[in-house]
Amino acid sequence: MILHQKHQKKSTFRRIVKSLFLSVYFFIVFLIIVALLSKFFPANITYIPYLLSLFFPLLFISFLVFIIIVLLRKYYVTFILTFPIFIWALFVFNRYVNLSSLFVSNNCEENFSIKVMSYNVRLFDLYNWKGYHKNHKPIIDFVINEHPDIVCFQEYYYQSDGKYPTTEPILKGLNTTYIHEYYSVVNRKKDHFGIATVSKYPIVNKGVIRFSETSNLSIFSDIVINNDTIRVYNLHLESVRLGYEDYALISSIENNPDSIELQKTKFIYKRLITAVLKRNEQAKILAEHIKNCPYPVIVCGDFNDVPCSYTYSIISKNLNDSYNLLDFRNMGSTYNGNIPWIRIDYILHSPELISCNYKTHKINVSDHFPISVLLKKAN
């Protein structure tokens, strides 16, 4: 009788533990589904998928751990029910770690064709965020040493009195005169803030795509390479405009959830939502412009959005992402800060082009890491 009661209690406890485990498991599956739906729903419809998409890598890793436990516990019906979601999530997760590179080589010779770079230089550290003296020189030296054929700069700065040289040493170092620059903000008639594309090949046509109520913008440059014209889009989509203190707060909020910090967090999330609403509209404008382009395109820039976002989905439609780096540790992160797994800088291209040797350069002189890739025309 006593053994029977103990067996009953043990069975009851196991059922409770199983129920709790499955409840947590299906809750994670639900969060994964909502995050995956972010590519279909702009933030003006609902912003919850967007917020969850920011944490997608963490959600997927949690999902993977639970699936392993499900299989070990032989909950096969549960696994079968959620397997389609797992495959969908795995496909999206591949945009962060590029698991496909395990099966397909993406390396090639350095003389493959042209080298393209995208780099948000954060005004060449004009305001000394990194605490160095004249930190713009290491940025310029890095770009020159990498000798890209085309380099797209975001948060570009030019001072017309020559006291903070940027454009001149870059053009000299890359041995070119071809530059397309556009400044959306000019202060004191000498401080120019904007965006720039530098090319070793002739730029035969230039254009600007402005967005309403913001200094963020995109430019496009038609470049002739070996008798072929390619249009290069250089874009900087709406920024959240958070300071270091804000990012530090986001990364530490779980360990310090007091009421004051939570109020600050609410303010930060309001700014996140405001920014994503603008980015969604900017993405639509750019996608339409790219769709009507008569040439193969290369799209470079700071999207300020992650790979499973609506913004990325709209812009990347019918384009290939050059990201081919197997990166389990950083998951493609291009943001140089405390928040992990934030890949927001991209080099996309038309199917008429093929890419290889993608690199994320871990140079600590901006809040973004530069990225580069080799491209050539497909045979």
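## Exercises on a predicted model

The chain exposes about 19,100 Å², and carbon and sulfur atoms supply 59% of this area. The structure is a predicted model.

**Exercise 1.** Determine how many helices and strands the chain has, and what percentage of its residues count as buried.

*Solution.* Step 1: the secondary structure amounts to nine helices and twelve strands. Step 2: the chain has 379 residues, of which 51% count as buried. Step 3: among contacts with a separation of 6 or more, 72% are between residues 24 or more positions apart.

**Exercise 2.** Compare the reach of helix α3 with its expected value, and state which of its residues are buried.

*Solution.* Step 1: helix α3 covers residues 56-72, which is 17 residues. Step 2: from the first C-alpha to the last, α3 reaches 24 Å, close to the 24 Å expected at 1.5 Å a residue. Step 3: the buried residues in α3 include F56, P57, L59 and F60; F63, F66, I67 and V70 are buried as well. Step 4: just after α3, K74 takes a positive phi of about 65 degrees.

**Exercise 3.** Classify V34 and G162 as buried, partly exposed or exposed, and locate each of them in the chain.

*Solution.* Step 1: V34 lies in helix α1, residues 2-36. Step 2: the relative accessible area of V34 is 13%, and buried means under 20%, so V34 is buried. Step 3: leaving aside residues up to four places away in sequence, V34 touches I48, P49 and L52. Step 4: V34 and S53 are 19 residues apart along the chain, and their C-alpha atoms are separated by 8.2 Å.

Step 1: G162 lies in the loop between β2 (150-159) and α6 (167-173). Step 6: G162 has a relative accessible area of 45%, which falls between the cut-offs of 20% and 50%, so G162 is partly exposed.

**Exercise 4.** State the strand order of the open sheet of six strands, and describe how β6 and β7 pair.

*Solution.* Step 1: the order is β5-β6-β7-β8-β10-β9, and the pairing is mixed. Step 2: β5 (203-210) and β9 (320-321) are the edge strands, since each pairs on one side only. Step 3: strands of a sheet pair through backbone hydrogen bonds, either parallel or antiparallel. Step 4: β6 (residues 217-225) and β7 (residues 228-236) pair in the antiparallel sense, over nine bridges. Step 5: the bridge partner of I219 in β7 is N234.

Methods
Residues are numbered from 1 along each chain as its sequence is written. This is a predicted model: local features need pLDDT of at least 70, side-chain atom pairs count only at pLDDT 80 or more; totals for chains, interfaces and linings use all residues. Side-chain values use heavy atoms; hydrogens and water are left out. Helices (H or I, at least four residues) and strands (E, at least two) are DSSP runs, numbered from the N terminus. The expected span of a helix is 1.5 Å times one less than its number of residues. Buried means under 20% relative accessible area, exposed over 50%, partly exposed in between (1.4 Å probe, protein chains only). Contact means heavy atoms within 4.5 Å. Accessible areas come from the Shrake-Rupley method with a 1.4 Å probe; for residues, only the protein chains shown count as cover. Two strands pair if DSSP finds at least two bridges between them.
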